[in-house]
Amino acid sequence: MRLRLVKEPFNDPDYLFELKHDGFRAIAYIEHGECKLVSRNLKHVRFKALEEVLATLPVQNTIIDGEIVCIDANGVSQFNELLSRKAEPVLYAFDLLWLNGDDLRKQPLIMRKDRLAALLRLSGCNRIMYAQHVDGEGKRLFAEICRRDLEGVVAKRKMGTYKDNGIAWLKIKNRKYSQAEGRHELLTRRRAE
């Protein structure tokens with residue numbers, strides 16, 4: 001699922017709103033005690049210790065959509081820590097696509113999130129976080145995210161299905177997000193190294 005940028009936050013009872021963490025988007029493919037993290041560009045994202053922990057989830061197989069992030073003591077994602085690999089990352093899980101042979105992509109998002117929450121409670125794994133959400137109140141959540149200097153909000157249709165090539169999720173970015181300053185130069189320099 002791709003994200004489409006929209007300029008202004010909105011309220012809508014058909015949507016749920018989640019915090020947009022600042023990290024690397026990844027799909028976790030877990031099967032028979034092994035995990036592989038894959039980027040939206042279909043590249044293997046190598047975080048060996050995180051993959052080893054995720055591989056212990058109590059499943060035969062599962063596919064989880066999420067964001068790899070490094071979180072500080074206040075629960076705020078720290079992109080530079082992730083990029084420099086100075087801290088242990090976690091997977092911020094926001095969707096469950098497959099579980100023990102069942103393809104869940106055609107189920108409504110709210111049902112997939114319920115099953116994801118149940119799986120994560122059962123797992124007891126401290127390296128995977130469930131993406132909490134707010135129903136319908138995107139403007140209030142966005143105002144609080146801006147007040148706390150966080151990256152933004154993602155809006156998703158509660159009854160939406162997961163479409164491989166769809167653009168059904170919307171992102172509203174905090175234009176004053178302090179960690180975004182100088183980001184382009186940092187990433188350009190990192191690629192050159």
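Phe 79 counts as buried, with a relative accessibility of 4% (buried means under 20% relative accessible area, exposed over 50% and partly exposed in between, with a 1.4 Å probe and protein chains only). The model is predicted, with local features needing pLDDT of at least 70 and side-chain atom pairs pLDDT 80 or more, while totals for chains, interfaces and linings use all residues. Residues are numbered from 1 along each chain as its sequence is written, and side-chain values use heavy atoms, without hydrogens and water.

Eight aromatic pairs are found in the whole structure (rings of Phe, Tyr and Trp, the last by its six-membered ring, with centres within 6.5 Å; planes under 30 degrees apart are stacked, over 60 edge-to-face and the rest tilted). Phe 24 and Phe 79 form an edge-to-face pair, at 5.5 Å centre to centre and 80 degrees between the planes. Phe 24 lies in strand S3 and Phe 79 in helix H2, so this pair ties together parts 55 residues apart in sequence (helices, H or I of at least four residues, and strands, E of at least two, are DSSP runs numbered from the N terminus). Phe 24 is partly exposed, at 25% relative accessibility. Phe 10 and Tyr 15 also pair edge-to-face, with 5.2 Å between centres and 90 degrees between planes; Phe 10 and Tyr 15 are buried. Ring pairs join Tyr 92, Phe 94, Tyr 162 and Trp 169 into a cluster.

Lys 156 lies over the face of Trp 169, 3.9 Å from the ring centre (NZ of Lys or CZ of Arg within 6 Å of the ring centre and within 35 degrees of the ring normal). The charged end of Arg 85 sits over the ring of Phe 47, 3.9 Å from its centre.
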